[in-house]
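Student: Can we go over the charged pairs in this one? I'd like to take them one at a time.
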Amino acid sequence: MDTFVRTGQRAFSITEWSNEDSSLIAGFSTKLSGASEGCFGSLNLGYHVEDKENHVRANRELLAGEISLPLSTWVGAEQTHGDRVVKVMTADKGKGAKSYDTAIKDTDGMYTFESGVLLTLAFADCVPIYFYAPNHHLVGIVHAGWKGTVKQIAATLVREWNSLGVKSEEIQAVIGPSICQSCYIVDDFVRSRIDKIVTNIGEKYYTEKEQGQYLLNLKEVNLSILQQAGLLRENIYTSSLCTSCDSSTFFSHRRDQGNTGRMLGFIGWKE
Ligand SMILES: [Zn+2]
C-alpha cells in the first residue's frame, strides 16, 4: 500500500502519521471535483497560474471542507524554486490562503510548532517532502523540483531543525506524489548539477535515454539528500504515485506541457 491513501474525492492523506496523532492532517490533493475549467479542470489550487481567482478560492474552500481545516488557517508561499525555509507562526494564518498577493514571499519550505495552522505548497510534478518530529511537536514541508533538489532544500530544513535542538534521527520524512523516473527527461545541464550533489555516494540516479537525454529519479535523489542529512532510512517513506503517469488524478506540468493546474501538499494540526 502507498504511503498516501485516498481519503476523499479531493485528497490523499498520510494515514500512517494521522493514525499516530489524530489531530495531524497531512496529504496531497487531486485534480478532481472542483470548479475550474479547461486545462485547470477541475480542482486547480494554484493562484499563480492563469485560472480565475474566484474558482481557485472556491476550490480551496472545497478542499478545506473535505479535510476539516478552514481556509482561514492555511498559509501559502510565493514559490521560486529556491531553498529558503521559514518558520510559520499563528500570526501568519491566512497568508496566501485567499489570494496570492498575501503569500509569504520567496519561500519553498515552511515549518511550524503551532496547532491550527495548515502549511500549503503548490505542486505539479515537483517533489513534496513532508517532515514530522513528534517529540518536538514540529511539522514542515518543502517543494523540491530539480532546482530545489540541487540546492538541497530538504537538507536546509533538517539543518534548521537541528539548530532548534531536534536530532536528525528524531525526524520522519515522506517523499510525496511527484514525477517518476520514466516520465522525467532532463538534459546535460541538469544531469551535471545532479552529479555534483550525489557524487560522494557513488550512485547514479538517472539512466541515459539517448545522447544528452536522461531519465532522472528526483525522488531517489531527495531520499539520498535526507540520508546524508542524518535521517534514518527506516524513517523515510516514498510514495510511488506519479503525477505524470496518473492523468486521471493529477495535473502534470510536463505531461500537460505547462498548461495545467496545481495540487497542494499540506500539513498541520487541527486545534
Ligand atoms: Zn510517471
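Predicted model: local features only at pLDDT ≥ 70, side-chain atom pairs only at ≥ 80, totals over all residues.

Student: Which residue does Glu66 pair with?
Tutor: Arg10. Their side chains form a salt bridge, with N to O at 3.4 Å.

Student: What does that pair tie together?
Tutor: Parts that are 56 residues apart in sequence, because Glu66 lies in helix H2 (residues 53-67) and Arg10 lies in the loop between strand E1 (4-6) and strand E2 (11-14).

Student: And Arg10, is that buried or exposed?
Tutor: Buried. Its relative accessibility is 17%, and the cut-off for buried is under 20%. Glu66 is partly exposed, at 27%.

Student: New topic. What does Arg57 bond with?
Tutor: Glu53, in a salt bridge. The closest N and O atoms are 2.8 Å apart.

Student: How accessible is Glu53?
Tutor: Glu53 has a relative accessible area of 39%, so it is partly exposed. Arg57 is partly exposed too, at 27%.

Student: Now helix H5. How far apart are Asp188 and Arg191 there?
Tutor: Three residues, in a helix that covers residues 188-198. That is about one helical turn. Salt bridges with shared partners link Asp188, Arg191 and Asp195 into one network.

Student: What's the distance for Asp188 and Arg191?
Tutor: 3.0 Å between the closest N and O atoms of their salt bridge.

Student: Which of those counts as buried?
Tutor: Arg191, with a relative accessible area of 18%. Asp188 is partly exposed, at 34%.

How values were computed
Residues numbered from 1 in each chain as written. Heavy atoms only, no water. Salt bridge = Lys/Arg side-chain N within 4 Å of Asp/Glu carboxyl O. Helix = DSSP H or I, 4+ residues; strand = E, 2+ residues; numbered from the N terminus. Buried < 20%, exposed > 50% of the residue type's maximum accessible area, 1.4 Å probe, protein only.
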